[in-house]
Amino acid sequence: MTALRKPQVAPTPKAAPFAIRAERAADVATREALLDACFGENRHGRTCQRLRNGRAPAAGLALAAEREGKLVGTVRLWHVSAGGRAALVLGPLAVDPACRELGIGAALMHQALAAARARGHAAVVLLGDAPYYARFGFSPEKTGALSLPGPFERERLLGLEFEDGALDGANGMIVATGAMLPKRRVARPHAHAA
């Protein structure tokens, strides 16, 4: 099992404090705008988005960072089967570009991983930058036989076990297993007699 490491980030003297809290329904529009700003409006076509489409995040594992009353960061975790092993997929992690270097991303990661561990989850996988996520204990060590439902760079598929052996023998496709979001009713125009 890989131990989580505390970030070595010292806030700058001019940095306003930030708070991490559970995501709220009122955060949706701001969160979506933040994700568009960080990843581009084409983010909906990315491979990992296929694991999130139509699904609800795992209970208690959708977090937001707030600074001076404004949402400046977000992270969510989602239920998946990682080649037959119950796991979570993390993402997206996003921080307002104007607030980078304040430790918000690291704080979101630490809190999200601690919450996932506390809720009894055994493992987390993600698609991301290995040097950044290695400091949180992620590595490609046990993800080599896993696949995603779309194109991806093998070296960016990373895993973290909270329980030793949670990803042992994980082989095959990572598929979404989380709760489906309720279907939205589309208002239909009423037929008017002519």
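**View 1. The largest pocket of this predicted model has a volume of about 790 Å³.** Rolling a probe the size of a water molecule over the atoms shows where empty space is left. On a 1 Å grid over the protein atoms alone, a pocket is an open set of points where a 1.4 Å probe fits, with protein on both sides within 12 Å along at least five of seven lines, whereas a cavity is a set from which the probe cannot get out. Grid points are joined across faces, edges and corners, and the volume is the space filled by probe spheres set on the points. Before you go on, note that this is a predicted model, where local features need pLDDT of at least 70 and side-chain atom pairs count only at pLDDT 80 or more, while totals for chains, interfaces and linings use all residues. Residues are numbered from 1 along each chain as its sequence is written, and side-chain values use heavy atoms, with hydrogens and water left out.

**View 2. Who lines the largest pocket?** The lining has 34 residues, and those nearest the centre of the pocket are Phe39, Leu93, Leu127, Tyr133 and Arg156; a lining residue has an atom within 4 Å of a point. Two or more lining residues come from each of helix 1 (28-39), helix 2 (49-52), strand 5 (94-95), helix 3 (104-118), strand 6 (123-127) and helix 4 (130-134). Helices (H or I, at least four residues) and strands (E, at least two) are DSSP runs, numbered from the N terminus. Helix 3 gives the most, with three residues. By type, the lining of the largest pocket holds 19 nonpolar, six polar and nine charged residues. Here Ala, Val, Leu, Ile, Met, Phe, Trp, Tyr, Cys and Pro count as nonpolar, Asp, Glu, Lys and Arg as charged, and the others, Gly among them, as polar.

**View 3. The second largest pocket has a volume of about 450 Å³.** Look for Arg31, Glu32, Arg55, Arg76 and Leu181, which lie nearest its centre among the 21 lining residues. Helix 1, helix 2 and strand 3 (70-82) each supply at least two of the lining residues, and helix 1 gives the most, with four. The lining of this second largest pocket divides into nine nonpolar, four polar and eight charged residues.

**View 4. Helix 1 has a buried side.** The buried residues of helix 1 are Arg31, Leu34 and Leu35, where buried means under 20% relative accessible area, exposed over 50% and partly exposed in between (1.4 Å probe, protein chains only). Why are they on the same side of helix 1? They cover an arc of only 100° around the axis, which puts them there; the arc is that of the directions from the helix axis to the C-beta atoms. The face turned away from this side carries the exposed residues Ala29 and Ala37. Strand 3 and strand 5 are among what covers the buried residues. Just after helix 1, Gly40 takes a positive phi of about 90°.

**View 5. Arg31 is found in helix 1.** Arg31 counts as buried because its relative accessibility is 5%. Leaving aside residues up to four places away in sequence, Arg31 touches Glu23, Leu71, Thr74 and Arg76 (contact means heavy atoms within 4.5 Å).

**View 6. Helix 3 has 15 residues.** Its buried residues include Ile104, Leu108, Met109 and Leu113. Just after helix 3, Gly120 takes a positive phi of about 90°.

Methods. The expected span of a helix is 1.5 Å times one less than its number of residues.
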